[in-house]
Amino acid sequence: MGDNMARGDPARVGNGWLAANRANWDDRTPIHLASRDYDVEGWLRQGRGPRPREAAALGDVAGLHLLHLQCHIGLETLAWARAGAIVTGLDFSPAAVAAARDLAERAGLADRATFVCADVHRAVQALGGATFDVVYGSLGSLCWLPSVDGWAAQAGALVAPGGRFFLHDGHPLADALAEEEAVFAGSYFEEAAPEVCDADVTYTDGDGRVAHGRTYQWNHSIGEIVTALIRHGLQLEWLAEHDWTTWRRFAWLVPAAPGEWTCPAGTPRMPLSFSLLARRPR
Ligand SMILES: C[S@@+](CC[C@H](N)C(=O)[O-])C[C@H]1O[C@@H](n2cnc3c(N)ncnc32)[C@H](O)[C@@H]1O
């Protein structure tokens with residue numbers, strides 16, 4: 001969730017939310033490419049693969065066809081290619097998809113990476129009915145989508161029989177809380193009306209400003225996410241709530257392991273992110 005939130009009137013928001021969010025992500029892309037946080041040059045130089053915890057969750061992906069929904073500039077997608085997967089990334093931001101294609105070339109991974117520009121709600125159609133051994137979603141994905149059921153219908157249909165669905169996202173409880181104190185700033189549950197956020201900054205370092213600062217976001221409870229995936233044909237294997245996150249959700253979080261943030265020592269532990277693994281039966 002972003003800064004300066006207000007609950008929107010769905011009638012007034014209409015369908016404008018998709019175009020507004022897309023313009024916002026187009027604006028964020030060059031800022032992220034230049035940021036120390038994404039550290040694109042370091043990523044190219046060091047040849048980093050997937051996050052160790054995610055790699056452990058999925059095991060050997062060599063030769064598997066992996067789809068990353070909402071892939072942004074493709075760093076996480078291409079990390080799976082470095083681990084041997086044949087990857088497809090999908091994102092609705094033309095700027096992000098262009099950056100991902102360019103990074104695939106520069107990383108020498110273009111022969112095993114395809115990037116598709118499409119709204120995730122139309123992913124099945126955009127991917128021509130293809131299904132994948134692994135469908136993957138990563139931090140900061142679900143809050144941009146109005147209906148977790150609509151998303152799960154696409155995600156579920158994209159998993160091949162016997163294939164797996166892996167999600168690692170911000171915890172909806174943390175996303176509902178206010179920035180400074182542990183009070184709810186928004187609904188824990190999915191609401192028809194979006195949170196309307198106005199912020200001319202993004203979550204990385206850098207002085208760049210976002211020209212299209214208005215975005216529309218939604219929270220989805222853990223129960224709603226899991227139930228939607230099950231409703232669309234997936235069987236849950238495990239669900240873990242984490243007291244750490246790879247994004248500094250609150251300014252008061254402190255570094256834990258490299259690239260991870262957690263609550264300060266001596267304060268109550270709270271859920272900051274979660275991951276789950278589900279499978280489509282054969
Ligand atoms: C925070 S990024 C998630 C990727 C990754 N965890 C990262 O940090 O690079 C969110 C991504 O969702 C994409 N996105 C938002 N709404 C979308 C939609 N309706 N369809 C496809 N992509 C969407 C944005 O363009 C953005 O690239």
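Glutamine 70 is buried, at a relative accessible area of 16%; buried means under 20% relative accessible area, exposed over 50%, and partly exposed in between (1.4 Å probe, protein chains only). The model is predicted: local features need pLDDT of at least 70, side-chain atom pairs count only at pLDDT 80 or more, and totals for chains, interfaces and linings use all residues. Residues are numbered from 1 along each chain as its sequence is written, and side-chain values use heavy atoms, with hydrogens and water left out.

Glutamine 70 has a positive phi although it is not a glycine, and so does aspartate 39. Helices (H or I, at least four residues) and strands (E, at least two) are DSSP runs, numbered from the N terminus.

A nonpolar core is a set of buried Ala, Val, Leu, Ile, Met, Phe, Trp, Tyr and Cys residues joined through side-chain atoms within 4.5 Å. The largest one has 39 residues, and Leu69, Trp151, Phe165, Ile225 and Leu276 have the most contacts inside it. Elements that each supply at least two residues include α2 (16-33), β2 (65-69) and β13 (273-279); α10 gives the most, with five.

Leucine 69 touches Leu90, Val120, Val135 and Trp151, among others, not counting residues up to four places away in sequence; contact means heavy atoms within 4.5 Å. A second, separate core has 26 residues, among them Leu75, Trp80, Leu103 and Ala104.
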